[in-house]
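Morning, everyone. Please put the structure up on the screen, and I'll walk you through it.

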Amino acid sequence: MKQYEILFFDRHTEIMNYEDTSNLVDELEMFERDDVNMIHELEDDGSLGRTIWTEEEGLFVRNF
């Protein structure tokens, strides 16, 4: 199952599954939340993969 690392503005991070991340992205895109700085896809080995969402650019659809 895909996992994502969520970086918040207060510098803490959380690991979420696809469903929770998708719900979070929906909230961010509808401007219901403003506490997330970046979302990265995690590789199978736990390393950071592609960036799928940033506060400046929004969702990178091709990566999600």
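I'll take the sheet, then a ring pair, then a pocket.

Some ground rules. This is a predicted model, so local features need pLDDT of at least 70, side-chain atom pairs count only at pLDDT 80 or more, and totals for chains, interfaces and linings use all residues. Residues are numbered from 1 along each chain as its sequence is written, and side-chain values use heavy atoms, with hydrogens and water left out.

Start with the sheet. Helices (H or I, at least four residues) and strands (E, at least two) are DSSP runs, numbered from the N terminus. Two strands pair if DSSP finds at least two bridges between them. Here five strands make an open sheet in the order E2-E1-E3-E4-E5, with antiparallel pairing. Which strands sit at the edges? Strand E2 (13-17) and strand E5 (58-59), since each pairs on one side only.

Now go across. E1 and E2 share five bridges, antiparallel. Glutamate 5 stands opposite isoleucine 15 in E2. E1 and E3 also pair antiparallel, over five bridges. There, leucine 7 faces methionine 38 in E3. E3 and E4 pair antiparallel over four bridges. Leucine 42 has leucine 48 in E4 as its bridge partner. Five residues lie between the strands of that E3 and E4 hairpin, and glycine 46 takes a positive phi near 90°.

How covered is strand E3? Mostly: six of its seven residues are buried. Buried means under 20% relative accessible area, exposed over 50%, partly exposed in between (1.4 Å probe, protein chains only).

Next, the rings. Rings of Phe, Tyr and Trp (its six-membered ring) pair if their centres lie within 6.5 Å; planes under 30 degrees apart are stacked, over 60 edge-to-face, the rest tilted. The count is one aromatic pair. Tyrosine 4 and tyrosine 18 are tilted, 6.3 Å centre to centre, with 50° between the planes. The pair links distant parts of the chain: tyrosine 4 is in strand E1, tyrosine 18 in helix H1, 14 residues apart. Buried or exposed? Tyrosine 4 counts as buried, because its relative accessibility is 3%. Tyrosine 18 is partly exposed, at 40%.

Last, the pocket. On a 1 Å grid over the protein atoms alone, a pocket is an open set of points where a 1.4 Å probe fits, with protein on both sides within 12 Å along at least five of seven lines; lining residues have an atom within 4 Å of a point. The lining of the largest pocket includes Phe31, Arg33 and Trp53. Helix H1 (18-29) and strand E4 (48-54) each supply at least two lining residues.
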